[in-house]
Amino acid sequence: MTVTKGIKTVLHPVSDLATATAVYTALLGVPPQIEGTYYVGFDLDGHHIGLVPDGGPQAITTPVIYWEVSDIEAKLAELTGAGATMQQALRDVGNGRRVAEVRDPDGNILGLLQDR
């Protein structure tokens with residue numbers, strides 16, 4: 001079995017990016033680290049909170065938690081072998097970060113990420 005390091009990123013789908021940015025700034029007590037029309041990201045003690053307008057390209061409708069793993073290919077194989085199904089294939093999202101999503105047997109999305 002490969003190591004899961006812990007929760008690293010949580011993405012929240014939002015309908016109004018400006019209003020959501022104000023709310024999450026008030027909640028977290030820090031300004032966004034990344035601010036664009038397609039994504040707003042906050043860093044809170046090494047945890048990343050992201051706001052995705054209209055669910056982004058993944059069309060998420062609920063928050064998605066991304067678990068940091070040491071070997072994403074091996075963890076995907078373990079999860080699908082245990083009964084999870086692929087939601088979004090493994091992909092590079094920049095700066096050495098690779099992500100993928102699976103669904104558990106109840107339909108919940110589990111995000112995985114590996115930083116190189």
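Two strands count as paired here if DSSP finds at least two bridges between them. With that in hand, welcome to this predicted model, in which eight strands form an open sheet with mixed pairing.

- Strand S2 (34-35) and strand S6 (85-94) sit at the edges, each pairing on one side only.
- S2 and S3 run antiparallel and are joined by two bridges.
- In S3, Val40 is the residue that stands opposite Glu35.

**The nonpolar cores**
- The largest nonpolar core has 10 residues: Val10, Val14, Leu17, Ala20, Tyr24, Leu28, Val40, Phe42, Ile49 and Leu51.
- At least two residues of this core come from each of strand S1 (4-14), helix H1 (17-28), strand S3 (40-44) and strand S4 (47-53).
- H1 is the element that gives the most to this core, with four residues.
- Apart from this core lies another, of nine residues, including Ile60, Val64, Ile109 and Leu113.
- Beyond its neighbours within four places in sequence, Tyr24 is in contact with His12, Gly29, Phe42, Ile49 and Leu51.

**The largest pocket**
- Its volume is about 670 Å³.
- The largest pocket has 21 lining residues, and those nearest its centre are Leu11, Tyr39, His48, Val93 and Arg97.
- S1, S4, S6, strand S7 (97-103) and strand S8 (109-115) each contribute at least two residues to this lining.
- Sorted by class, the lining holds 11 nonpolar, six polar and four charged residues.

Note on methods
Residues numbered from 1 in each chain as written. Predicted model: local features only at pLDDT ≥ 70, side-chain atom pairs only at ≥ 80, totals over all residues. Heavy atoms only, no water. Core = buried A, V, L, I, M, F, W, Y, C linked by side-chain atoms within 4.5 Å. Buried < 20%, exposed > 50% of the residue type's maximum accessible area, 1.4 Å probe, protein only. Contact = heavy atoms within 4.5 Å. 1 Å grid on protein atoms, 1.4 Å probe; cavity = no way out; pocket = protein on both sides within 12 Å on 5 of 7 lines; lining within 4 Å. Points joined across faces, edges and corners; volume = space filled by probe spheres on them. Nonpolar A, V, L, I, M, F, W, Y, C, P; charged D, E, K, R; others polar.
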